[in-house]
Amino acid sequence: MAALLEIDALQVWYADLQALYGVSLQVDEGGVLALIGANGAGKSTLLAAVCGLLEGRSSGSIRFAGRELLGQPAHELARAGIALLPEGRMLFPSLTVEENLRMGTLTRRSGYWTLPRVYELFPVLAEFRLRPATALSGGQQQMVAIARALLSNPRLLLCDEISLGLAPLVVRQIYAALEQVRAQGLSIVLVEQEVQRACQTADSVCCLLKGRVTLQGAANAFEYAQIAQAYFGH
Ligand SMILES: Nc1ncnc2c1ncn2[C@@H]1O[C@H](COP(=O)(O)OP(=O)(O)O)[C@@H](O)[C@H]1O
Ligand SMILES: [Mg+2]
């Protein structure tokens, strides 16, 4: 399978603190990569770097669809088809559900995902489309965030802890929706606290520990003990 995203020897610094030390990984076209690791391992930093949000703090190479991304401004990367679902959802509180969704269309990328199709994916959003986004439950707000990202018709969707703090039923709904999303051929990087869920959903897995890759391969290739060792370092 061809690689859509190829990261090579990525280093990131926050002033004196180095957050990533020579990380290399790849995401196949249409593939799902589970990015796991303890708090502070560097998962969100990696996603931010891929989105072009850490300009001037990173070195190495990030190739997307064969093109070097490092050094490109974030809006260029959005236009190229990279969408980030940041931790904590980041909806516009004064806007309705539908107004929030329309923000997702601003990249003007056309494709499968349209307003009617995201409403079909998450029918509850159609029902609440005229309500302020912040009047929705946490799980419904996460659905708005996912739908908004889809409306930019990305080729690569970066999901940062999208199930954090949500009830198990909602988490199952969200993962079921991701399966449908994936069936449309887009590639996903899934940062997830629940390692088992992540590995069940993904094709490949990459574990970070203190800014370094400690395990990488097919999602079903590892025993629990190997993953625990890579995750905790002992
Ligand atoms: N904006 C920032 N300024 C300074 N240090 C940061 C910043 N964001 C993250 N860090 C540090 O970088 C490291 C990696 O953080 P992060 O990428 O958020 O990890 P994770 O998402 O895996 O929990 C941590 O040591 C964290 O404290
Ligand atoms: Mg994080």
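**Entry 1: Ala225**

I started at Ala225, which sits in helix 9 (residues 224-232); helices here are DSSP runs of H or I with at least four residues, strands are runs of E with at least two, and both are numbered from the N terminus. Ala225 is exposed, with 8 other C-beta atoms within 10 Å. For that label I count C-beta atoms placed from the backbone: 20 or more others within 10 Å is buried, 12 or fewer is exposed, and anything in between is partly exposed. I also checked Ala225 against Ser187: they are 38 residues apart in sequence and 28 Å apart in space, C-alpha to C-alpha.

A note to myself on the ground rules: this is a predicted model, where local features need pLDDT of at least 70 and side-chain atom pairs count only at pLDDT 80 or more, while totals for chains, interfaces and linings use all residues. Residues are numbered from 1 along each chain as its sequence is written, and chains are lettered from A and ligands numbered from 1 in the order in which they are written.

Next I traced an open sheet of six strands, with mixed pairing and the order 6-7-8-3-9-10. Two strands pair if DSSP finds at least two bridges between them. Strand 6 (82-85) and strand 10 (212-218) are at the edges with a single partner strand each, so one side of each has no neighbour in the sheet. On average, neighbouring strands are turned by 15° against each other, direction ignored.

Strand 6 runs parallel to strand 7 (residues 156-160), and four bridges join them. Leu85 is opposite Cys159 in strand 7. Helix 1 (residues 43-50) packs on this sheet, touching strand 3 (32-36), strand 6, strand 7, strand 8 (187-191) and strand 9 (204-209). The direction of helix 1 makes about 150° with that of strand 7; axes are lines fitted to C-alpha atoms, for helices over the stretch in contact, with angles from 0 to 180 degrees between N-to-C directions.

**Entry 2: around ligand 1**

Which element gives the most to the shell around ligand 1? I found that helix 1 does, with three residues. Strand 2 (17-28) also supplies at least two. The residues around the ligand include Tyr14, Leu17, Lys43, Ser44 and Thr45, where near means a C-beta atom, placed from the backbone, within 6 Å. The shell divides into four nonpolar, six polar and one charged.

**Entry 3: a hairpin and two alanines**

Strand 1 (residues 3-14) pairs with strand 2 in the antiparallel sense over eight bridges, and Leu5 is opposite Val27. The two strands form a hairpin with two residues between them. Is Ala15 buried or exposed? Ala15 is exposed, with 6 other C-beta atoms within 10 Å.

Ala65 also has a positive phi of about 50° without being a glycine. I placed Ala65 in the loop between strand 4 (58-64) and strand 5 (67-68). Ala65 is partly exposed, with 16 other C-beta atoms within 10 Å.

**Entry 4: the core**

Last, I looked inside. The largest nonpolar core has 66 residues, of which Leu35, Ala147, Leu158, Val189 and Leu190 touch the most other members. A core is a set of buried Ala, Val, Leu, Ile, Met, Phe, Trp, Tyr and Cys residues joined through C-beta atoms within 7 Å. Helix 6 (residues 138-150) contributes the largest share, seven residues. Leaving out residues up to four places away in sequence, Leu190 touches Cys159 and Ala198, among others; contact means C-beta atoms, placed from the backbone, within 7 Å.

Methods:
Contact = placed C-beta atoms within 7 Å. Nonpolar A, V, L, I, M, F, W, Y, C, P; charged D, E, K, R; others polar.
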